[in-house]
Amino acid sequence: MKIGQLASTAGLNASAIRYYEKRGLLAPPQRLGGQRRYAGDALSRILLIRFATDMGFTLAEIKLFLSGLRDNAPVGPRWKKLATRKLREVDQSIVRSLKLKSLLQGLLHCHCPSLQFCVNCLRLSPKLRRLDNVRMKRP
């Protein structure tokens with residue numbers, strides 16, 4: 001399959017396919033007369049890459065998942081390993097997002113007369129490194 005056909009079928013630009021190839025997500029295709037000719041599994045890989053990126057997986061994670069994967073190899077164990085790691089990230093993100101939501105809801109009611117007062121209400125200090133430590137205290 002030519003790159004234009006593959007791109008059209010996958011709903012991507014040809015530049016995205018070349019980028020995936022450059023990043024090692026797709027095997028370099030054969031060339032006939034200087035044109036790229038992709039094997040039949042290229043579309044499946046590209047569709048999986050699109051799905052996985054939409055779900056928040058990084059290209060590095062997807063590359064790890066796809067490395068050495070053959071057409072008829074079972075993918076369940078690979079998904080389990082990747083999903084387990086990603087679930088931890090998602091759980092951490094949910095906790096952080098809930099804290100952020102709570103903080104933002106509190107900030108909607110901010111009536112601090114000065115920046116210093118606001119810093120004190122937020123319990124900020126020079127040691128503050130993360131949102132995890134921020135808690136609103138009502139005056």
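The accessible surface of the chain comes to about 10000 Å², and 56% of that area belongs to carbon and sulfur atoms. Accessible areas come from the Shrake-Rupley method with a 1.4 Å probe, and for residues only the protein chains shown count as cover.

The model is predicted: local features need pLDDT of at least 70, side-chain atom pairs count only at pLDDT 80 or more, and totals for chains, interfaces and linings use all residues. Residues are numbered from 1 along each chain as its sequence is written, and side-chain values use heavy atoms, with hydrogens and water left out.

**Exercise 1. Outline of the chain**

Task: State how many helices and strands the chain has, and in what order the elements run.

Solution. 
- Step 1. Take helices (H or I, at least four residues) and strands (E, at least two) as DSSP runs, numbered from the N terminus.
- Step 2. Count them: the chain has 6 helices and 2 strands.
- Step 3. Read from the N terminus on; the order is α-α-β-β-α-α-α-α.
- Step 4. Buried means under 20% relative accessible area, exposed over 50%, and partly exposed in between (1.4 Å probe, protein chains only).
- Step 5. Among contacts with a separation of 6 or more, 45% are between residues 24 or more positions apart.

**Exercise 2. The buried face of H2**

Task: Find which residues of helix H2 are buried and what covers them.

Solution. 
- Step 1. H2 spans residues 14–22, and its buried residues are Ala16, Ile17, Tyr20 and Glu21.
- Step 2. Seen down the axis of H2, these residues fall within an arc of 140°, so they line one face of the helix. The arc is that of the directions from the helix axis to the C-beta atoms.
- Step 3. The general rule is that an α-helix has 3.6 residues a turn, so residues three or four places apart point the same way.
- Step 4. The cover over the buried residues of H2 includes helix H1 (3–10), strand E2 (35–37), helix H3 (41–54) and helix H4 (59–66).
- Step 5. Take Ile17 as one case: leaving aside neighbours within four places in sequence, Ile17 touches Ile3, Leu6, Ala7, Leu12, Leu26, Tyr38 and Ile46.
- Step 6. After H2 comes Gly24, with a positive phi near 85°.

**Exercise 3. Salt bridges**

Solution. 
- Step 1. A salt bridge is a side-chain nitrogen of Lys or Arg within 4 Å of a carboxyl oxygen of Asp or Glu. The structure holds 4 of them.
- Step 2. Arg45 counts as buried because its relative accessibility is 16%, whereas Asp41, at 24%, is partly exposed.
- Step 3. Lys86 and Glu89 are 3 residues apart in helix H5, so about one helical turn separates them.
- Step 4. Lys86 is buried at 10% relative accessibility, and Glu89 is partly exposed at 36%.
- Step 5. Through shared partners, salt bridges join Glu61, Lys86 and Glu89 into one network.

**Exercise 4. Two surface sites**

Task: Decide whether Leu98 and Ala27 are buried or exposed.

Solution. 
- Step 1. Leu98 is in helix H5 (residues 76–107). Leu98 counts as exposed because its relative accessibility is 54%.
- Step 2. Ala27 is in the loop between H2 and strand E1 (30–32). Its relative accessible area is 57%, so Ala27 is exposed.

Terms used
Contact means heavy atoms within 4.5 Å.
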